[in-house]
Amino acid sequence: MGKPHPSLYPHVKDRYYGWSEQMATPLCRREVPTEDVPVIINFGAPFRLFDQADPSRWTDYRSFTTGAYDAFVLVGSTGPSAGIQVNLTILGARLFLGRPLRDLKNRAVALEDLFGGDAARLDRGAL
């Protein structure tokens with residue numbers, strides 16, 4: 001964990017979080033709705049986000065962000081994971097992501113779709 005630079009306090013919730021996780025079998029977590037906008041920079045296996053209306057459908061994401069959800073989201077592992085999570089405030093998300101948050105409501109978006117090739121380089125740790 002690390003605290004953001006003081007100039008980022010209005011835009012980042014609390015601190016940055018890093019993790020590394022090994023598991024014997026795939027797992028699935030229920031993520032509850034919050035007012036935070038998480039940005040996930042992933043160095044491990046992709047995450048599987050299940051469709052809210054049809055949990056038999058999913059999309060795998062490497063690095064991604066989500067908007068606000070109005071219900072819980074099922075997030076599954078596809079293998080060992082490691083990465084950094086930055087929880088942005090609503091204002092921080094609007095400024096950093098450069099798009100109206102209604103575009104992200106109840107959905108995840110790959111960072112590569114938002115930022116192009118630079119985000120793909122994050123996945124490989126090449127920046």
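## An aromatic cluster

Let's start with a group of rings. In this predicted model, Trp19, Phe47, Tyr61 and Phe64 come together as one aromatic cluster. Across the whole structure, a search turns up five aromatic pairs. One of them joins Trp19 and Phe47, whose ring centres are 6.0 Å apart. Their planes make an angle of 55°, and the pair is classed as tilted. This pair also ties together distant parts of the chain: Trp19 belongs to strand S1 (residues 12-21) and Phe47 to strand S4 (residues 47-50), with the two 28 residues apart.

Are these two residues buried or exposed? Trp19 has a relative accessibility of 22%, so it counts as partly exposed, since the buried class covers values under 20%. Phe47 has 12% relative accessibility and therefore counts as buried.

## The five-strand sheet

Now look at the strands. Five of them make an open sheet, and its order is S1-S8-S3-S6-S9, with antiparallel pairing. Which strands stand at the edges? They are S1 and strand S9 (108-110); each has a single partner strand, so one side of each has no neighbour in the sheet. On average, and with direction ignored, neighbouring strands here are turned by 20° against each other.

Strand S6 (residues 64-66) pairs with S9 over three bridges, in the antiparallel sense.

## The four-strand sheet

There is also an open sheet of four strands, again with antiparallel pairing, and its order is S2-S7-S4-S5. Strand S2 (28-31) and strand S5 (58-61) are its edge strands, and each pairs on one side only. For this sheet, neighbouring strands are turned by 30° against each other on average, with direction ignored.

How many bridges join S2 to strand S7 (residues 73-77)? Four bridges do, and the two strands run antiparallel. As an example of how they line up, find Arg29: its bridge partner in S7 is Val75.

Note on methods. Residues are numbered from 1 along each chain as its sequence is written. This is a predicted model: local features need pLDDT of at least 70, side-chain atom pairs count only at pLDDT 80 or more; totals for chains, interfaces and linings use all residues. Side-chain values use heavy atoms; hydrogens and water are left out. Rings of Phe, Tyr and Trp (its six-membered ring) pair if their centres lie within 6.5 Å; planes under 30 degrees apart count as stacked, over 60 as edge-to-face and the rest as tilted. Buried means under 20% relative accessible area, exposed over 50%, partly exposed in between (1.4 Å probe, protein chains only). Two strands pair if DSSP finds at least two bridges between them. Axes are lines fitted to C-alpha atoms, for helices over the stretch in contact, and angles run from 0 to 180 degrees between N-to-C directions.
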